[in-house]
Amino acid sequence: MNWLILTIATGITAWLIPGISTIGDHAWVAYGSFALFMALINASIKPILHILAIPFTIFTFGIGALIINALCFELASNIATNVFGVGIIAHGLGWSILGAIVISIASSLLSGIAAD
């Protein structure tokens, strides 16, 4: 269920943000492959990065967490496009930060709706 929510949130993000585009013929395959790697990164690497970056995040008043989210977004994008040849790509770090924010908000809202 989490993968499906993340896939839908990725589709919403690609639709809303002009600096994020899909690679591949079928958009939903691109969203799904990106969401697969994003879910794997969120479950494995991201918690470790957040723990290691606690002092930086406190020092920057939370901006460190945004940067970590954007870097995880970029990592998932690069892995999806290199492994499957499809995925989504952000055209710059600013678009990655905005994409990570929108995916976070959209997946939180969708998770809340699915829980009801």
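Is Phe-61 buried or exposed? I looked this up before anything else. Phe-61 is exposed, because its relative accessible area is 78% and the exposed class begins over 50%. I note that the model is predicted.

**Entry: Phe-61**

I checked where Phe-61 sits. Phe-61 is in the loop that links helix H3 (54-59) to H4. Then I read its backbone angle. The phi of Phe-61 is near 55°. That is a positive value, and the residue is not glycine. I wrote down the background too: most residues other than glycine have a negative phi.

**Entry: the nonpolar patch**

Which residues form a nonpolar patch on the surface? I listed Met-1, Trp-3, Leu-4, Ile-8, Trp-28, Leu-36, Leu-40, Val-83 and Phe-84. Together they have about 940 Å² of accessible area.

Met-1 lies in the segment before H1. Met-1 counts as exposed, because its relative accessible area is 66% and the cut-off for exposed is over 50%.

**Entry: how the helices pack**

I reminded myself how this is described. Two packed helices are given by the angle between their axes and the distance between the axes.

I started with H1 and H2. They pack at an angle of about 120°, and their axes are 8 Å apart. So H1 is oblique to H2. The reason is that roughly perpendicular covers 65 to 115 degrees and roughly antiparallel starts over 145. I also noted the hand of the H1 and H2 crossing, which is right-handed.

I moved on to H2 and helix H4 (residues 63-83). Their axes come within 9 Å and cross at roughly 140°. H2 is therefore oblique to H4, because only angles over 145 count as roughly antiparallel. What is the hand of the crossing of H2 and H4? I found that it is right-handed.

**Entry: Leu-110**

I ended with Leu-110. I found Leu-110 in helix H5 (residues 93-115). Its relative accessibility is 22%, so Leu-110 counts as partly exposed. I checked the cut-off, because buried means under 20%.

I also looked up the pair Leu-110 and Leu-71. They are 39 residues apart along the chain. Their C-alpha atoms are separated by 23 Å.

Terms used:
Residues are numbered from 1 along each chain as its sequence is written. This is a predicted model: local features need pLDDT of at least 70, side-chain atom pairs count only at pLDDT 80 or more; totals for chains, interfaces and linings use all residues. Side-chain values use heavy atoms; hydrogens and water are left out. Patches are made of residues with over 30% relative accessible area and no salt bridge: like charges are joined within 9 Å, nonpolar side chains (Val, Leu, Ile, Met, Phe, Trp, Tyr) within 5 Å. Accessible areas come from the Shrake-Rupley method with a 1.4 Å probe; for residues, only the protein chains shown count as cover. A salt bridge is a side-chain nitrogen of Lys or Arg within 4 Å of a carboxyl oxygen of Asp or Glu. Helices (H or I, at least four residues) and strands (E, at least two) are DSSP runs, numbered from the N terminus. Buried means under 20% relative accessible area, exposed over 50%, partly exposed in between (1.4 Å probe, protein chains only). Axes are lines fitted to C-alpha atoms, for helices over the stretch in contact, and angles run from 0 to 180 degrees between N-to-C directions. Angles under 35 degrees count as roughly parallel, over 145 as roughly antiparallel, 65 to 115 as roughly perpendicular and the rest as oblique. A crossing is left-handed if the near helix is turned anticlockwise from the far one by less than a right angle, and right-handed if clockwise.
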